[in-house]
Amino acid sequence: QVQVVESGGGLVQPGGSLRLSCQASGSIEGVYGMSWYRRVAGKEREFVAEIRSLGTLTYADFAKGRFTISRDNVKNMAFLQMDNLKVEDTAVYLCNLVESQYSVGRTVVHWGQGTQVNVSS
C-alpha cells in the first residue's frame with residue numbers, strides 16, 4: 001500500500017513564499033512521475049505542476065515563473081516552491097504519485113489528502 005502525505009501549507013501574505021513537501025511511502029514498484037494539483041472551494045481540482053522521473057517539467061500557465069517543482073527520487077519526495085503568492089492561490093494543494101506497476105502492466109495514481117494554503121493580508 002502506498003501513502004502520500006503533503007505538508008508545508010499555512011497562512012502567508014500576498015507576495016510571500018511557501019514550500020510544500022510531498023512524501024510517498026510504502027511498496028512502490030516504479031515511479032512515472034509526481035504532480036501537484038489544487039482545489040479551490042466550489043471549483044474543480046486543477047493541475048499545478050508535474051515532474052516526471054526523467055526530469056520533464058510541466059506547469060500550468062498560472063504557475064509559470066512563480067512556482068517551481070522538484071523531486072528527490074531516492075526518497076520519493078516532491079516539492080513545490082511557491083513565490084510571489086497571490087490571494088487567488090488560496091486552495092488545498094494535493095500531491096499525487098503515478099506508480100508504474102510493471103509486474104501487472106498498469107499505472108496507478110496515489111493521492112494525498114492535501115495541505116491548505118491561505119494567502120491573505
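**Order of elements.** I followed the chain of this predicted model from the N terminus and found that its elements run β-β-β-β-β-β-β-β-β-β-β. My tally for the chain is therefore 11 strands and zero helices.

**Overall dimensions.** I looked up the radius of gyration, which is 14 Å, and this agrees with the value near 14 Å that a compact globule of 121 residues would have. Along the principal axes, the C-alpha atoms fill a box of roughly 50 × 25 × 25 Å. I noted an accessible surface of about 6,500 Å², with 48% of that area belonging to carbon and sulfur atoms, and I noted too that 44% of the 121 residues count as buried.

I then turned to the largest nonpolar core, which has 28 residues, and in which Met34, Trp36, Val48, Phe67, Leu80, Met82 and Tyr93 have the most contacts. The elements that give this core two or more residues include β1 (2-7), β4 (31-39), β5 (46-52) and β8 (77-82). I picked out Val48 and, leaving aside residues up to four places away in sequence, listed what it touches, including Trp36, Phe67, Leu80 and Tyr93.

**Disulfide.** I counted one disulfide, which joins Cys22 to Cys95 with an S to S distance of 2.0 Å. The pair links distant parts of the chain, since Cys22 lies in strand β3 and Cys95 in strand β9, 73 residues apart. Both cysteines, Cys22 and Cys95, are buried. I also checked the torsion about their S-S bond, which is about -80°, so the disulfide is left-handed.

Terms used
Residues are numbered from 1 along each chain as its sequence is written. This is a predicted model: local features need pLDDT of at least 70, side-chain atom pairs count only at pLDDT 80 or more; totals for chains, interfaces and linings use all residues. Side-chain values use heavy atoms; hydrogens and water are left out. A nonpolar core is a set of buried Ala, Val, Leu, Ile, Met, Phe, Trp, Tyr and Cys residues joined through side-chain atoms within 4.5 Å. Buried means under 20% relative accessible area, exposed over 50%, partly exposed in between (1.4 Å probe, protein chains only). Helices (H or I, at least four residues) and strands (E, at least two) are DSSP runs, numbered from the N terminus. Contact means heavy atoms within 4.5 Å. A disulfide is a pair of cysteine sulfur atoms within 2.5 Å. The radius of gyration is taken over C-alpha atoms; the globule rule is 2.2 Å times the number of residues to the power 0.38. Accessible areas come from the Shrake-Rupley method with a 1.4 Å probe; for residues, only the protein chains shown count as cover.
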